[in-house]
Amino acid sequence: MDPEYGAQYSPGDIGFVLICMGLVWLMIPGIGYFYSGMARSKNALSLIMCCLLSLVVVTIQWFIWGYSLTFSEGASVFIGNLDNAFFRGVLGDPSIGSDKIPAIVFAIFQCMFAALTPALAIGSAAERARLLPMMIFIFIWSTIVYDPIACWTWNPKGWSAKLGGLDFAGGTPVHIASGFASLAYAIILGKRRGHGSITQGEEFKPHNMSNVVLGTAFLWFGWFGFNGGSALAGNMRAAMACVVTNLSAAVGAVTWLVMDYRLERKFSALGFCSGAVAGLVAITPASGFVGPGPAVAIGFLGGFFCNLAVHLKSMFHFDDAVDVFAVHGVGGYVGSVLTGFFAEQYIAGLDGATEIEGGWMNRNWVQLGHQLADATAGAAWSFCITYLILFIMDHIPGLSLRVDPEVELQGLDAAEIGEMAYYHVDKIVTVDPQSGEQKIVSEQIREVRGQENAQGDLSPEKIVSPNQFNNV
């Protein structure tokens, strides 16, 4: 190999994108913790595992053909070909995304986006979806839903990219696609057992707000790599993307907090976290095209509309367990449309290379139509194809999507994984009054499930043998 091969790239740009790749990776367990805290304790571990399963399944799919179907240079206006299947020819040549980084760096950076998207979508199926069909669904969905949408949005050969649609970091491929897929998943699965009843309303509240806050922190932190890294180089455009990302998240958090306070007279931690994520989602497509002023407006409107959209599940009687559609579907759509209003030529040009006509801020009135076309096409494709995939799978023997009622009552942690998120250890200790020596007289390990028994009484714990565990 030529020793000069790849020497044209700046090590700083490569290092920057690889660090951002790691930040986006961190968002995936962040999603898991966010969803875990919002679920009931007997399903907490399963939701973290679902997100990590999305990571490994899509990583394999991306290597086999996902990257090629999305970013091959011989792509059609809709989807790529298999020229780069199994990462053939993906090494040191300039990437299709930017000539400032090699293709292999771009491929692994985009792999994290592809892995994160279905992790978002499956949240609506919390507490009632079987894991094996879910893994198969993730592989199929990534191939025929995510890859085409990402291709037409980000590949220069894609129809939306040719039309002039602007999406800096994934408003349509990531958020609109996952949000509308989650709506289809929730409709196909139906409501959780007892959800919506007056007598069991309290049971479905978030069981661990600490996990929700922790997940939000991971997401907010990782989003700097998500949006800033999409500049694909360490430059002023990346810096501005980080600035507007942080600002929009802050405004979204305050907006949602105030809207909830108006009703409850409480400063809700869940409202704060939901608003922050809504602001992050809304700014995603615009983050490389707008300055701080528009970011405030986008954060406010994202938080406002997503807060209102949460009530849609009550109006239309679907059970989106963790509000994926309201936050990501609606937030992504709002952000994409607002990009058509606020995109500015000089912000895009901060990287020294990108030229756009801008949005309404630059009197480019047609940009709003381009944004509506991209966002609406992505929403329609994701919802319809997801519904079709799930409908077919649910009628294939062995691939039924929903767990049995008894398993749902028991909880997916115990039934599908065989392990619990929480174990409490009770010890009775005696102390010698003369020597002060402590001695354990009795020890019991309890599984904390918070489930109902067959009679409807709350059975929050189960005593198990200490010999079952090697690490207690």
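## Largest pocket

Helix 8 supplies the largest share of the lining of the largest pocket, six residues. This is a predicted model, in which local features need pLDDT of at least 70 and side-chain atom pairs count only at pLDDT 80 or more, while totals for chains, interfaces and linings use all residues. Residues are numbered from 1 along each chain as its sequence is written, and side-chain values use heavy atoms, with hydrogens and water left out.

The largest pocket holds about 1000 Å³ of space. Its lining has 34 residues, and P206, L270, V310, K313 and D323 lie nearest its centre. Two or more lining residues come from each of helix 8 (236–264), helix 9 (269–283), helix 10 (292–309) and helix 11 (312–316). Helices (H or I, at least four residues) are DSSP runs numbered from the N terminus. A pocket is an open set of points on a 1 Å grid over the protein atoms alone, where a 1.4 Å probe fits, with protein on both sides within 12 Å along at least five of seven lines; lining residues have an atom within 4 Å of a point.

## Salt bridges

The whole structure has six salt bridges (a side-chain nitrogen of Lys or Arg within 4 Å of a carboxyl oxygen of Asp or Glu). One of them joins K313 and D323, at 2.7 Å from N to O. K313 is in helix 11 and D323 in the loop between helix 11 and helix 12, ten residues apart. D323 is buried, with a relative accessible area of 14% (buried is under 20%, exposed over 50%, partly exposed in between, with a 1.4 Å probe and protein chains only).

E127 and R40 form another salt bridge, 2.9 Å from N to O. This pair links the loop between helix 3 and helix 4, where E127 lies, to the loop between helix 1 and helix 2, where R40 lies, 87 residues apart. Both side chains belong to buried residues: E127 has 2% relative accessibility and R40 has 6%. D319 and R192 also meet in a salt bridge, at 2.8 Å from N to O. D319 lies in the loop between helix 11 and helix 12 (324–342) and R192 in the loop between helix 6 (171–189) and helix 7, so the pair ties together parts 127 residues apart in sequence. D319 is buried at 0% relative accessible area, and R192 is buried at 6%.

## Aromatic pairs

A search of the whole structure finds 28 aromatic pairs (rings of Phe, Tyr and Trp, the last by its six-membered ring, with centres within 6.5 Å; planes under 30 degrees apart are stacked, over 60 edge-to-face and the rest tilted). The ring centres of Y33 and F218 are 6.3 Å apart and the planes stand at 85°, so this pair is edge-to-face. Y33 is in helix 1 (residues 11–38) and F218 in helix 7 (residues 209–228), so parts 185 residues apart in sequence are tied together. Y33 is partly exposed at 28%, as is F218 at 25%.

F63 and F86 make an edge-to-face pair, with 5.6 Å between centres and 80° between planes. F63 lies in helix 2 (residues 44–71) and F86 in the loop between helix 2 and helix 3 (103–121), so the pair ties together parts 23 residues apart in sequence. One aromatic cluster is formed by W62, F63, Y67, F71, F86, F87 and F106.

Notes
Points joined across faces, edges and corners; volume = space filled by probe spheres on them.
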